[in-house]
Structure formats: C-alpha cells, structure tokens
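Work through the following exercises with the sequence and the coordinates at hand. Each task is followed by a solution in steps.

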Amino acid sequence: MKGVSFMIFGGRALRLAAALVGTALLGSALAGCGDDAAKSDEIRIGANFEMTGNTANYGTSTLEGLKLAIKEANDAGGINGKKIVLVEADNKSEAAESINAATKLISDDHVRAIVGPATTGNVIAESQVATDNKVPVIAPDATAVDVTVENGTVKPWIFRSCFIDPQQGDVMAKFALDTLKAKTAVIYIDNSTDYSKSLAEVFTKVFTAGGGQVLMTEGFLAKDQDFKATLTRLRAANADVIFVPAYYEEVGKIVKQAREIGITAPIIGTDGWDDPKVAELAGAAALNNTYFSTHYSDKDESVRPFIEAFQKEYNHAPNVFAALGYDAGKLLVDALKRAGSDDPEALRKAIEETKNLVVGTGTITMDAQHNPIKQAVILENKDGDRVVVAKIMPSM
C-alpha cells in the first residue's frame, strides 16, 4: 500500500511538475514574443570600447562621439521609425577582453554591427569573431593597414572611418614638397613602433617620386630621453625639412632639444603629435615652424556644428578621438538608412558603397580596401597656437 500510495503520489507530482513546466514554457514563449515585439522597433548596435585600462582615455572619448551621433539620429526619428539602441561592452584595454566583448555582443546581445574598439590591436583581436558571425565592424581610430587588409586580402566585414597611416606619410610628403618647397629631407623615426616605420617608408617613396631627396634616416626608441647626439648628426645634413613621425612624449623632447642645438629647419610630423603634452614638453617658442597632419581642427568652420553639439551634450570640448567616434556613428547611421534594414549583409554592402558622406570632420568615400578617402588637415604650431595651413587629399 505504501508503495502504491507512493506511486500515486509520484504520478500526481510528475503531472503537476509537467503542468508547471508547461505553464512556465508558455509564459516564457509569451515573454519572448513580447521581447521580440519590443525589439522589432529597435536596431541593436554594439559598442566595444576601452572603458577601463591603460587606453581608457581613447575608448571613452570615442564612445562619447559615437553616442552623440546615435542620439542625433534617434532624435530625428531613428531609422525608418526604429530606434538605434547602443549596447556597450568594456574590453578593459586588452585584446583577449576585446574578443570576449565582441562574442557577448553578438551571441548574447544580438547586435547587428559593432563600432570599436579604439586601438588597432583590439580591433584586430575582435575581427575573427565578427567575420565568423558575419557582423560588420567599423573601427573609428585604428590607423594600421592590417586592420582591414590581411596578407593582401580585404577583410569583408571590417571597415574604418579614419584615414590610415600611409595616407599621412603621403600627405606630409606632398606638404613638404608643395608648401614648404623642400628639396631635401632627413627622417627621425621611432624604431620601436610600426606606426613610425610605415610612415617613414611612405614619406620617402612619395617625397623622392616628387623630386625630393632623403639625405639621412636615423632612429630612436620609445622612452628615450636624450636625442642630442643623433640630432647633431641630422643637423649636419643641412636638410630643408626634418620628418619626425612619432608619438607626443618623444616628439616634445625632440623638438625642444633640436632647437637647443641650433636646428631651425621646419620639423614636421603626423597625428601622434596631436596632444597638448607636446607643447608642455617643447615649449611654445621651440614649436614655432613645426607642422603636423591630423584629422580635424577646432578652428575649422566646417567642424563647428559638431563641436558645438558636443559641448552642449557633454559640457566640455571634444578631442580628436571624440570627433572620430562621431564620424563612425554618422557613417553607420547613413549606411543603415541606405540599407533599408538592419540585415548585416545589407548593412555591410551599404558601408562598402559609402560615397561623399559629410561627417563631423569632413567627407568620407569608402575605397576598395575599406578605408575612407578623407582629407587630412595640416596644422602649424605658431606662438602657442595651432593654425590650419592646408587641407590635403591623399593620392593613395
């Protein structure tokens, strides 16, 4: 009897459990339908950025610009009545975490595209995950060539909205030849970075093709402090211009020491110079007669609408990373509109076909390597200020 009672009880328990599971599943299904209904009015976009870690200043600034572009699009009615929802993920400034963030955004958050990360290494790290899942990526700040092209093959799902390193070498060679009327140059590179070496290579190629002559190339390493011995050798070449494609920490010290040993020739560089620290290290007087390429100038009237909108939103001025994040957002919004849906393949194709798009810092046309054809701004350091002296489109 006890056994029969037990079996009867057990059967009732099983039937009750089955009923409860069925109810739960039905409730889950209904809840799922509700979620789907809500999401039908949304376009989910991932933001994979360095929000903590040693490059958090790059990631957080870029994200601010991106969020402003998305807000403007939503305030204007969204995409065919759908709101763009930005799902944020912190890659902690690490390549492995960038992969984890991209995986979560795609698998758990079901994003239709990803913007970011800010740094080249973290973009390259997430590329395979995005490619395997056929989700387009827009890199706002990563300037290395292999972000979008690997072993000569274009990565079909990876794009960028900033110009690439070789374009800066091209632009500065043209500037030296055409504006500074330089016939000879010496180059001082950071041998510890591919950034500096690739820029020097392109500068040499374009400068010599234009009739110029590179008399000497010397090198230093990141964190070096004393540059005077090498600068003395460069001074002896008596070149018309010195090209220093490096980052701000060393640039400030190089410029200061160059002037201290009597070098008066123009010193030119690239966007690694674009930081207030250069002026702090070199001093305003030493920086006179120096020039560098960058993505935009806050004195450029065409950029004022972005700057004013940014200041209104965040109560502080944007930096170059915020501007590039805004550009990436404008590129994405435009592609979503032209795609007519958030289907990743349609969106990928629309990004690829971007032409003459006006963004915060200029105009973008996407080339066959998924890099934007975009003008560079040349700034002159003059009496403690920075003045626009040229805007140059790259030829490559």
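**Exercise 1.** How many bridges join strand 3 to strand 4, and do these strands run parallel or antiparallel?

Solution. The model is a predicted one. Step one: take residues 114-115 of strand 3 and residues 137-139 of strand 4; 2 bridges join them, and the strands run parallel. Step two: look for a facing pair. Ile-114 has Val-137 of strand 4 opposite it.

**Exercise 2.** Which residues of the largest nonpolar core touch the most other members, and which element gives the largest share?

Solution. Step one: the core holds 29 residues, and Ile-45, Leu-66, Ile-84 and Leu-332 touch the most other members. Step two: list the elements that give two or more residues. They are strand 1, helix 2 (56-75), strand 2, helix 12, helix 13 and strand 14 (363-366). Step three: helix 12 gives the largest share, 6 residues. Step four: inspect one member. Beyond four places in sequence, Ile-84 touches Ile-43, Ile-45, Ile-70, Ala-73, Asn-74, Ile-79, Val-333 and Leu-336. Step five: another core, of 26 residues, lies apart from the largest one; Ala-182, Ala-185, Ile-189 and Tyr-291 are among its members.

**Exercise 3.** Is Asp-342 buried or exposed?

Solution. Step one: locate the residue. Asp-342 is in the loop between helix 12 and helix 13 (344-352). Step two: apply the cut-off. Buried means under 20% relative accessible area. Asp-342 has 17% relative accessibility, so it counts as buried. Step three: find its contacts. Outside the four places in sequence on either side, Asp-342 is in contact with Glu-42, Ile-43, Arg-112 and Leu-336.

**Exercise 4.** What span should helix 5 have, and how many of its residues are buried?

Solution. Step one: helix 5 (residues 165-178) has 14 residues, which at 1.5 Å a residue should span 20 Å. Step two: compare with the model. The end C-alpha atoms are 20 Å apart, which agrees. Step three: 12 of the 14 residues are buried, so helix 5 is largely enclosed by the rest of the structure. The buried residues include Asp-165, Pro-166, Met-172 and Phe-175.

**Exercise 5.** What is the strand order of the open sheet of 7 strands, and which strands stand at its edges?

Solution. Step one: the order is 9-8-10-11-12-16-17, with mixed pairing. Step two: strand 9 (213-220) and strand 17 (385-392) are at the edges with a single partner strand each, so one side of each has no neighbour in the sheet. Step three: the twist from one strand to the next averages 25°. Step four: check one pair. Strand 8 (residues 184-190) and strand 10 (residues 241-243) run parallel and are joined by 3 bridges. Ile-187 stands opposite Phe-243 in strand 10.

Terms used. Residues are numbered from 1 along each chain as its sequence is written. This is a predicted model: local features need pLDDT of at least 70, side-chain atom pairs count only at pLDDT 80 or more; totals for chains, interfaces and linings use all residues. Side-chain values use heavy atoms; hydrogens and water are left out. Two strands pair if DSSP finds at least two bridges between them. Helices (H or I, at least four residues) and strands (E, at least two) are DSSP runs, numbered from the N terminus. The expected span of a helix is 1.5 Å times one less than its number of residues. Buried means under 20% relative accessible area, exposed over 50%, partly exposed in between (1.4 Å probe, protein chains only). Contact means heavy atoms within 4.5 Å. A nonpolar core is a set of buried Ala, Val, Leu, Ile, Met, Phe, Trp, Tyr and Cys residues joined through side-chain atoms within 4.5 Å. Axes are lines fitted to C-alpha atoms, for helices over the stretch in contact, and angles run from 0 to 180 degrees between N-to-C directions.
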